[in-house]
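The sequence and structure come first, and the description follows.

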Amino acid sequence: MSVDFSSLAQQFTEFYYNQFDSDRTQLGNLYREQSMLTFETTQLQGAKDIVEKLVSLPFQKVAHRITTLDAQPASPNGDVLVMITGDLLIDEEQNPQRFSQVFHLMPEGSSYYVYNDIFRLNYSA
Amino acid sequence: MQVSGFGNVNQIGALAQQNQLDNLVSVSIRGWTNATQQDLLNFISRKTRISVRNSVVQGDTIVGYVTPQEADQLVKFSGYRFAGNSLKIHKAAGGNTNPNTNDTITVLRNVLLRRYNVQTRMLDLGNLFNDPELVQRGMAPKNVNTQSKMFPAMMKVASKEPSMVVESINLSDNNLRDVNGVTTLAQTFPHLKNLCIANNSISRFHSLEVWKNKFKELRELLMMNNPITSDRLYRTEMLRIFPKLVILDNVVVRDEQKLLSIYSLPVQQTQFFFEDNGLASSSTDFITNFLNLWDSNRMQLMGLYTPQSQFSLSVDSSVPAATVPNAQTTPTFGHYLPFSRNISKISSDKTIQERLRIGPEAIYEVFGSLPMTKHFLQEQPDAYSVQAWTFPQVQGFVITLHGHFDETAKPEIDKSKTSQGSSASRGRRYNHGFTSTPNIKLSQKSFDRTMVLVPSPNGSVIIASDSLTIRPFCDSAWSKPPSPPHLQAQSVQHQPQMNVPLSQTPPNTSSIPGQIPGVLGSTPLQFSPEVQAKLSPVQLELLQKLHLETKLNAEYTYMLAEQSLWNYDNAIQGFRNSANNLPREAFI
């Protein structure tokens, strides 16, 4: 069996960031009770807490712009690591912030959920 | 709404003109400190009918301004008793009586201090080029807009004046057509909050461009009575040039709350994140050893990769925004691009598949084709950032590392030779559209790296998955908070042997399911929060290692580390030399 993890990574990131940028309250479906979010200094577990954290971020409008995307199988069990770098455009500010994010995706039936999500700013303005 | 850190601009201009008319010189007065500044001024005024103008207190000295005639009169007053002391009055160096003294610095310093108001933290450089003292000394250039050395020199003096804490600067009434003559203001006062350049002749946005993103904390700008203000794009352009501008000509132009929340996003940055304490020590050990070998001999790393291990590389060639400090703006990626597997850019499935390297041989083809490097983990630990978390499904852990490196030499593997071989040579396979690397400039780069580490049968680790992103150099992976405790990281002297960190397995921990032996097993030393706060992660790690090795308690471990200047080898040597003399309570 060979999972096409690169198209999976593409589909996933496209979906994730579109959802994040349009309505991040709906991201809960992508996380499970055992999911972890590491967001700079904080770490949260469980879909509910994670979404609460993401919703509480201090901006209304946000756009993610991906500059690099790479993916590798993380283990023989079909899980995938997705590595992203990109720009974060917040509200109407012109100067983007750079971020890097790693998703560890786990298979579940015919789809995947986010097992681990590690976000960090590579540098700020 | 209280918007301004300034006084009335017109009043300041009038004051400067007054000074000029009066052709004042400065005097310094000491021996007054038993009374107040105002008492002294009243006293002098009563006794001599001289009023000392624009006086400022500098330590135990009051510096003020009087006419040259008054100055001569005042000096004679020196020695007079005042509030239980005798006054000492001098004409300041560079005064009228000594026209040959070329003490430029003193003059500039006098002018600066006279124009600085300690209460409002404002430096008033309004009508500076007509300043009587500067004019008198022949230091005020006739035309401000020509090359003037006076202003840069004055800024240099200002930067060496620690008593001056400047939040606001007034540069009004200087007949400026652009800011070229005063551009160094941005270097000396990068944290300026309020700036007034009203009543000048600035007419083009271009002439302010040298200040773009230089004043990163500038909150308020006054530019009234400049031709530029009537331009249709005036507001937009000022917002672009000054990223944190909130008030422009007394009008609120940005929502400050919103601005603050954006720039504090997402939360404070942190250098390290470890899911637990045990991971901290083993992952920093691992990274130190890994990068040492990456810099010195990549072939030696290949033992960490099994035939199933994967490696891929992505190039983020987008140029950092202008706001990023010290960013590399013309990065070159010639050595990396032939291997870049950036799925968001590359559409060929075949290429994507080929550029995922599997097994040590295929991985080394890439490692050896990348420039030789030097990382600075020991020299500048603050410039690196590490996160680590467990991956229980494979009993492993995942590390992400962010930082920078110097490219020090061309790659080990000369690609031009490889691709000269038969068309079936392996070099061809990854050299799509790539012939040779004649003159690719070496430079600094930043990177992100994610690795999945799993235990190997011999108690060491295997890199199951390794993903590297190379991007243009930018200042550091992690920006420091304003005043962190700075501690040297000379402590950890790692040997370049990969098996060291994880093979020191305490036997009693290997039975805990889901844990890597040695990773989670140690009992961390406990220090008081004050001590803990002073220690860098590298120091904490050193303490843990010493504690494990010596079984000393926290206090003695700390003393040992401190006495050996945070050098592990020295500490162990010192411990061996004196272990027999240590009291029982030194041990756990």
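## Surface and overall make-up

The accessible surface of chain B comes to about 27,200 Å², and 51% of that area belongs to carbon and sulfur atoms. Accessible areas come from the Shrake-Rupley method with a 1.4 Å probe, and for residues only the protein chains shown count as cover.

This is a predicted model, in which local features need pLDDT of at least 70 and side-chain atom pairs count only at pLDDT 80 or more, while totals for chains, interfaces and linings use all residues. Residues are numbered from 1 along each chain as its sequence is written, chains are lettered from A and ligands numbered from 1 in the order in which they are written, and side-chain values use heavy atoms, with hydrogens and water left out.

The table sets out some totals for the two chains. Buried means under 20% relative accessible area, exposed means over 50%, and partly exposed lies in between (1.4 Å probe, protein chains only). Helices (H or I, at least four residues) and strands (E, at least two) are DSSP runs, numbered from the N terminus.

| Chain | Helices and strands | Residues and buried share |
|---|---|---|
| Chain A | two helices, six strands | 125 residues, 61% buried |

Along its sequence, chain A follows the pattern α-β-β-α-β-β-β-β. Chain A exposes about 5,000 Å², with 50% supplied by carbon and sulfur atoms. A contact means heavy atoms within 4.5 Å. Among contacts in chain A with a separation of 6 or more, 46% are between residues 24 or more positions apart. In chain B, 72% of the contacts between residues at least 6 apart in sequence join residues at least 24 apart.

## Sheets of chain B

Two strands pair if DSSP finds at least two bridges between them. Four strands of chain B form an open, antiparallel sheet in the order S2-S3-S1-S6. Its edge strands are S2 (53–58) and S6 (88–91) of chain B, each of which pairs on one side only. Direction ignored, neighbouring strands of this sheet are turned by 20° against each other on average. S2(B) is joined to strand S3 (residues 61–66) of chain B by four bridges, and the two run antiparallel. B:Arg53 has B:Tyr65 in S3(B) as its bridge partner.

Which helices lie across S1, S2 and S3 of chain B? Helix H2 (residues 37–48) of chain B does, running at about 135° to S2(B). Helix H4 (residues 104–114) of chain B does too, at about 100° to S2(B). Axes here are lines fitted to C-alpha atoms, for helices over the stretch in contact, and angles run from 0 to 180 degrees between N-to-C directions.

Seven strands of chain B form an open sheet with mixed pairing, in the order S7-S8-S9-S10-S11-S12-S13. Strands S7 (116–117) and S13 (251–252) of chain B are its edges, each pairing on one side only. S7(B) runs antiparallel to strand S8 (residues 122–124) of chain B, joined by two bridges, and B:Asn117 stands opposite B:Met122 in S8(B).

Strand S15 (residues 310–315) of chain B is mostly covered, with six of its six residues buried. One side carries B:Gln310, B:Ser312 and B:Ser314, and the other carries B:Phe311, B:Leu313 and B:Val315. Two bridges join S15(B) to the antiparallel strand S16 (residues 357–358) of chain B, where B:Ile358 stands opposite B:Gln310. Six bridges join S15(B) to the parallel strand S21 (residues 461–472) of chain B. There, B:Asp466 is the bridge partner of B:Phe311.

In helix H19 (residues 568–578) of chain B, B:Tyr568, B:Ala571, B:Ile572 and B:Phe575 are buried. Seen down the axis of H19(B), these buried residues fall within an arc of 95°, so they line one face of the helix. The arc is that of the directions from the helix axis to the C-beta atoms. The buried residues of H19(B) pack against helix H17 (537–550) and helix H18 (554–563) of chain B.

H17(B) and H18(B) themselves pack at an angle of about 115°, with their axes 10 Å apart. Residues that meet there include B:Leu542 and B:Leu546 in H17(B) and B:Tyr558 and B:Leu560 in H18(B).
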